[in-house]
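Subject: The structure I promised you

Hi,

Here is the structure we talked about, ready for you to open. Have a look at it first, and then read on for what turned up.

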Amino acid sequence: MSAKKPSANPLRIGTRGSALARWQANWVATQLQAHHVATEICIIQTSGDLVQNEPIVNIGAPGVFTKEIQRALLEHQVDLAVHSLKDLPTEHIAELSLVAVPKRESYRDAFVSLIAEKIEDLPRGARIGTGSVRRKSQILHHFGELYRMEDIRGNVETRLRKMEQGEYDALILAESGLVRLGLEKSIRSKLEPPFFLPAVGQGALGLEIRRADQRTAELLLPLNDAATFAATLAERAMLRELQGGCSAPIGALGTVGHSTLTLHGRVLSLDGKHMFDAVQSASIADDPECLGKAVAGELLSQLRSQGQKLASTHAGAD
């Protein structure tokens with residue numbers, strides 16, 4: 001019996017041009033090719049890629065790393081968009097559908113430094129580079145003003161180079177990105193939950209298509225991981241209910257075990273002085289978005305009872 005030949009018309013995969021984004025798109029392409037689906041990688045520049053020397057606020061968050069790819073999808077220039085799921089806004093676009101989320105890489109944040117093994121080992125006044133309000137607020141909550149939080153832009157390699165050149169004493173980066181780029185040796189330690197909660201969708205890929213494209217949806221079914229999909233759906237529903245986007249210090253982690261989905265959500269004030277946590281569980285057979293909304297409701301109730309409002313600033317994405 002002869003091997004099944006790849007489909008004649010390649011599936012066009014839209015992605016950003018960074019090394020990490022290309023790795024992710026190539027990984028998806030390899031998985032599809034293993035199922036006899038021909039693919040073609042299409043590099044699309046996004047607003048976030050074009051402007052590297054300004055804060056996110058100046059280039060119009062949210063969606064600075066996704067909206068151009070989504071536009072190409074809507075205009076039939078590509079058939080599939082591969083996103084870092086934490087970059088994908090939670091607001092629904094009627095014509096598009098998130099149809100698959102492959103098995104998640106590590107969700108943790110990683111501590112990277114040339115002068116310390118752990119974040120608590122840094123000297124007073126050490127400069128920590130991060131553009132994420134979530135990371136800044138959690139560091140401020142745990143360490144007060146012991147360290148200096150400084151904004152940083154650029155891809156993973158650029159950030160590491162800036163640290164090596166002495167602009168920063170340490171960085172907080174997603175472990176998944178470092179691992180995917182073969183840079184895991186730069187990790188000095190990991191920031192484990194519940195001490196440090198990751199961003200919504202961190203470590204996961206989101207595969208988005210046109211809602212009416214049933215053929216592509218069927219081709220992507222083998223790539224979906226049901227547990228990861230449920231966990232990230234709950235996380236994203238929580239974020240959408242909070243209406244925080246990447247503009248507020250919000251962390252979340254959904255985990256699946258023994259047919260149960262557990263969601264831990266967190267909201268902080270920008271200065272880190274206030275931190276609110278909520279943890280709820282539900283059967284994996286239930287709608288994960290209902291769990292996300294319930295956790296968001298509990299967090300909002302805590303905020304109201306303490307006379308707090310959801311902190312919001314558009315400066316900084318993960």
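Strand 12 (residues 260-268) pairs with strand 13 in the antiparallel sense, over nine bridges. Helices and strands here are DSSP runs numbered from the N terminus, with at least four residues (H or I) for a helix and at least two (E) for a strand, and two strands count as paired if DSSP finds at least two bridges between them.

Contact means heavy atoms within 4.5 Å; the axes are lines fitted to C-alpha atoms, for helices over the stretch in contact, and angles run from 0 to 180 degrees between N-to-C directions.

Before going further, a word on the model: it is predicted, so local features need pLDDT of at least 70 and side-chain atom pairs count only at pLDDT 80 or more, while totals for chains, interfaces and linings use all residues. Residues are numbered from 1 along each chain as its sequence is written, and side-chain values use heavy atoms, with hydrogens and water left out.

Now to helix 1 (residues 19-34). Its 16 residues should span 22 Å at 1.5 Å a residue, and the end C-alpha atoms are 22 Å apart, which agrees; the expected span is 1.5 Å times one less than the number of residues. Its buried residues are Leu20, Ala21, Gln24, Ala25, Val28, Ala29 and Leu32. Buried means under 20% relative accessible area, exposed over 50%, and partly exposed in between (1.4 Å probe, protein chains only). Among the elements that these buried residues pack against are strand 1 (11-15), strand 2 (39-43) and helix 6. After helix 1 comes His36, with a positive phi near 65°.

Ala19, also in helix 1, is partly exposed, with a relative accessible area of 23%. Leu181 is 162 residues away from Ala19 in sequence, yet their C-alpha atoms are 7.6 Å apart. Leaving out residues up to four places away in sequence, Ala19 touches Glu157 and Leu181.

Over in helix 6 (residues 175-180) you will find Ser176. Ser176 counts as buried, at 5% relative accessibility.

Happy viewing, and write back with any questions.

Cheers
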